[in-house]
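These are my notes from a first pass through one chain. I wrote each entry after looking up one thing.

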Amino acid sequence: MGADDAKKRAAFAALEYLQDVRIVGVGTGSTVNHFIDALKSIKARLDGAVSSSEASTARLKALGIPVLDLNAAGELPVYVDGADEANRRLQLIKGGGGALTREKIVAAVSKSFICIVDQTKLVEILGGFPLPVEVIPMARSYVARELVKLGGRPDWRQGYVTDNGNQILDVHGLRILDPPALEQEINQITGVVCVGIFARRAADLLLVGHEDRVEKIV
Ligand code: 5RP
């Protein structure tokens, strides 16, 4: 059994938390793609979904699930999304797929944030996965220099443009011992749109897919 089966197991386990939900927030990535597939079985009772990326929007629409504007939808009961790394305090690194800004917005307006990962994503200390930082293009070099001062090695994700028309720096070499503090510090660098640390608004429930079960961490 591979990581993809474990992702699928975690994704389908999230359905249990959607029993009275009419509008669901939907993240981005291969784990979330399994979750979107799982939504097919309950789509008749959904009014729709709020999507965090153009890629998820296309997949939702292909299944016939209406995609709603977040401004019209208001507060969401549940948001389901994956992560690149997670710790047992439910703090995350996200943005490997480049959708971190919209993901953070949807997480912010959701009452409950359910994160679905396979067991390989669970770590003691965040930072082994290069930390994505979305930047305004003209600020890229400045932000990179500031990130070096914080001990990181930023690498420009060349040729990649986010859904918001911005660029991404992937920051290597960080051992993130205080995720909320570093999230705040990087947020304050002028030109940063969003940092992929999700700690000030962490997940509420982590569903970790293992080979034979789903572990729930709250
Ligand atoms: C996208 C994300 C994804 O949740 C993250 O990259 C995990 O992806 P996958 O489920 O494919 O491993 O943050 O911006």
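5 of the 5 residues of strand 7 are buried, so the rest of the structure largely encloses the strand. Buried here means under 20% relative accessible area, exposed means over 50%, and partly exposed lies in between, with a 1.4 Å probe and protein chains only. Strands (E, at least two residues) and helices (H or I, at least four) are DSSP runs, numbered from the N terminus. I then noted the directions: Leu131, Val133 and Val135 point one way from strand 7, and Pro132 and Glu134 point the other way.

Before going on I wrote down what kind of model this is. It is a predicted model, in which local features need pLDDT of at least 70 and side-chain atom pairs count only at pLDDT 80 or more, while totals for chains, interfaces and linings use all residues. Residues are numbered from 1 along each chain as its sequence is written, and side-chain values use heavy atoms, with hydrogens and water left out.

Next entry: the partners of strand 7. I count two strands as paired if DSSP finds at least two bridges between them. Strand 7 pairs with strand 9 in the antiparallel sense over 5 bridges. In this pairing Glu134 stands opposite Ile168, and Val135 has Gln167 as its bridge partner. Strand 7 also pairs with strand 10 (residues 192-195), again in the antiparallel sense, over 3 bridges. There, the bridge partner of Val133 is Val195.

I followed strand 9 (residues 167-172) further. This strand is mostly covered, with 5 of its 6 residues buried.

3 strands form an open sheet in the order 4-5-11, with antiparallel pairing. Its edge strands are strand 4 (85-86) and strand 11 (197-198), and each pairs on one side only. Strand 4 pairs with strand 5 (residues 92-93) over 2 bridges, and Glu85 stands opposite Ile93.

Between strand 4 and strand 5 there is a loop that holds Leu90. Leu90 is not a glycine, yet I found a positive phi of about 70° for it. Is Leu90 buried or exposed? Leu90 counts as buried, because its relative accessibility is 4%.

At 33% relative accessibility Gln119 counts as partly exposed. Which residues does Gln119 touch, leaving out those up to four places away in sequence? I listed Val208, Gly209, His210 and Glu211, where contact means heavy atoms within 4.5 Å. I also took one distance: Gln119 and His172 are 53 residues apart in sequence and 22 Å apart in space, C-alpha to C-alpha.

I looked at one helix. Helix 2 (residues 30-39) has 7 of its 10 residues buried, so helix 2 is largely enclosed by the rest of the structure. The buried residues are Thr31, Val32, His34, Phe35, Ile36, Ala38 and Leu39. Their cover includes helix 1 (3-13), strand 1 (23-26), helix 3 (54-62), strand 3 (76-81) and strand 6.

Last, I wrote down the values for the whole chain. The secondary structure comes to 7 helices and 13 strands. Of the 218 residues, 54% count as buried. Among contacts with a separation of 6 or more, 72% come from residues 24 or more positions apart. A compact globule with 218 residues would have a radius of gyration near 17 Å, and the chain has 17 Å, which agrees. That radius is taken over C-alpha atoms, and the globule rule is 2.2 Å times the number of residues to the power 0.38. The C-alpha trace spans about 50 × 35 × 30 Å along its principal axes.

I noted an accessible surface of about 9800 Å², of which 49% belongs to carbon and sulfur atoms; the areas come from the Shrake-Rupley method with a 1.4 Å probe, and for residues only the protein chains shown count as cover. The chain has 26 positive and 27 negative side chains, and the centres of the two sets lie 1 Å apart. Lys and Arg count as positive and Asp and Glu as negative, with His and the chain ends not counted. Each charge is placed at NZ of Lys, CZ of Arg, CG of Asp or CD of Glu.
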